[in-house]
Amino acid sequence: MPVWTWFGLQKGRATTPWPERPGPDGQEGVLGLPRFDATRCSSEQSGCSDCVAACPASAITRSEAGAIQLDYARCVGCQLCTEVCPESAFSVSHDWAFGVRDKADLLNPDQAAPTNPDAAKEAELAQAMKGFGRSLHIRHVDAGSCNGCESELQALLNPFYNLHRLGIFFTPSPRFADLLLVTGPVTTAMREPLLRTYEAMPQPRWVMAAGTCATGGGTNGGGYACHEGLDGILPVDVWLPGCPPNPAALIEALLLLLRRSPQRVHGGVHESA
């Protein structure tokens, strides 16, 4: 008997039952994106902007009135804001499932007027998804990432997560793909290959921005050589920030697209906050 066969029989099944049944998600104790409690922030009165100065990705901004806003689409999870805030308005969390359908849900606090989803568009999307409820084929395009997101994507295929058991597969050809998963801020050199990949996909087709570079540009977005993520380049159906998003967050975002998992972030606030 081969050594690895014997080793496998001794160890037993390695794949987690999560998310279909209760079980470990592999992210116990892992730091997530920071929480922001606007009620504890007195920047409008004190003029404090320590968090703005500390943020390397410009995810934290201060309005003319002095109000602080955190854009999770640009947040890299460095936790510097939690260290410099004198009022603990920013705090460490284990919130990592940040997949959303509307990018506005990544703003905390969401100062825009609330928008109601287009009922006709939602019904059309739900109808299109009926044929993909148990299966999905993904074409991944690296549009200039640091390969951090790619490392997490590779982990989806290890024995613990075993993505295939959920009916989700990666495909090398866009002509067989249902979903275009994009990582990176979209460099100038990768813009045309990205658009050509999207055009080669059959209808219906969807797009997922994975990682902070793809959702908001990260620390390098907006320079002379790259864009600020997918905004304005492709129609995005799911936004997933994180630097990088862990395998469990990627799975939740994929299931969110398939309507097999609920959205956990609304108005920039995670349901566990």
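**Strands, helices and salt bridges**

Q: Which residue in β9 does Leu179 stand opposite?
A: In this predicted model, Leu179 stands opposite Trp206, which belongs to β9.

Q: And how many bridges join β8 to β9?
A: Four bridges join strand β8, which covers residues 179-183, to strand β9, which covers residues 206-210, and the two run parallel.

Q: What is the order of the strands in the open sheet with parallel pairing?
A: Five strands form that open sheet, and reading across it the order is β7-β6-β8-β9-β10, with parallel pairing. At the edges stand β7 (168-170) and β10, and each of these has a single partner strand, so one side of each is left without a neighbour in the sheet.

Q: What does the twist average from one strand to the next?
A: From one strand to the next, the twist averages 25°.

Q: Which strands does helix α7 lie across?
A: Helix α7, made of residues 188-200, lies across β6 (136-142), β8 and β9, and it runs at about 165° to β6. Helix α9 also packs on the sheet, where it touches β6, β7, β8, β9 and β10, and its direction makes about 165° with that of β10.

Q: Let's stay with α9: how many of its residues are buried?
A: Helix α9 spans residues 247-257 and is mostly covered, with 11 of its 11 residues buried. Among them are Pro247, Ala248, Leu250, Ile251 and also Glu252.

Q: What happens at the start of α9?
A: There, a side-chain oxygen of Asn246 reaches to within 3.1 Å of the backbone nitrogen of Ala248.

Q: And what follows α9?
A: Helix α9 is followed by Arg259, a residue whose phi is positive, near 60°.

Q: Which residue forms a salt bridge with Glu252?
A: Glu252 forms a salt bridge with Arg264, and the closest N and O atoms of the two are 2.7 Å apart. This pair links distant parts of the chain, since Glu252 sits in helix α9 while Arg264 is in the loop between α9 and β11 (265-266), 12 residues apart.

Q: Why does Glu252 count as buried?
A: Glu252 counts as buried because its relative accessible area is 11%, and the cut-off for buried is under 20%.

Q: Which residues are linked with Glu252 in a network of salt bridges?
A: Arg264 and Glu271 are linked with Glu252 in that network.

Q: What does the count of salt bridges come to?
A: The count comes to five salt bridges. One of them pairs Arg35 with Asp95, where the closest N and O atoms are 2.7 Å apart. Arg35 lies in strand β1 (residues 35-36) and Asp95 in the loop between β4 (90-91) and β5, so the pair ties together parts that are 60 residues apart in sequence.

Q: Is Asp95 buried or exposed?
A: Asp95 is buried, with a relative accessible area of 5%, whereas Arg35 is partly exposed, with a relative accessible area of 28%.

Q: Which residue does the side chain of Arg74 meet in a salt bridge?
A: The side chain of Arg74 meets that of Glu228, with a distance of 3.4 Å from N to O. The two are 154 residues apart and link distant parts of the chain, with Arg74 in the loop between β3 and α4 (80-84) and Glu228 in the loop between α8 (212-216) and β10 (238-240). Arg74 is buried at a relative accessible area of 14%, while Glu228, at 43% relative accessibility, counts as partly exposed.

Q: Changing topic, what is the order of the three strands in the antiparallel open sheet?
A: The three strands of that open sheet come in the order β2-β3-β5, and their pairing is antiparallel. Strands β2 (60-62) and β5 (107-108) stand at the edges with a single partner strand each, so one side of each is left without a neighbour in the sheet.

Q: How many bridges join β3 to β5?
A: Two bridges join strand β3 (residues 68-71) to β5, and the strands run antiparallel. Here Asp71 stands opposite Leu107, which is in β5.

Q: Last topic, the whole protein chain: how many helices and strands does it have?
A: The protein chain has nine helices and 12 strands. Its radius of gyration is 20 Å, close to the 19 Å that the globule rule gives for 273 residues, so the chain is as compact as a globular protein of that length.

Q: What share of the 273 residues count as buried?
A: Of the 273 residues, 45% count as buried. As for contacts between residues at least 6 apart in sequence, 78% join residues at least 24 apart.

How values were computed: Residues numbered from 1 in each chain as written. Predicted model: local features only at pLDDT ≥ 70, side-chain atom pairs only at ≥ 80, totals over all residues. Heavy atoms only, no water. Pairing = 2+ DSSP bridges. Buried < 20%, exposed > 50% of the residue type's maximum accessible area, 1.4 Å probe, protein only. Polar contact = N/O pair within 3.5 Å; in protein donor to acceptor, adjacent residues only side chain to side chain. Salt bridge = Lys/Arg side-chain N within 4 Å of Asp/Glu carboxyl O. Axes fitted to C-alpha atoms, helices over the stretch in contact; angles between N-to-C directions. Contact = heavy atoms within 4.5 Å. Rg over C-alpha atoms; globule rule 2.2 N^0.38 Å.
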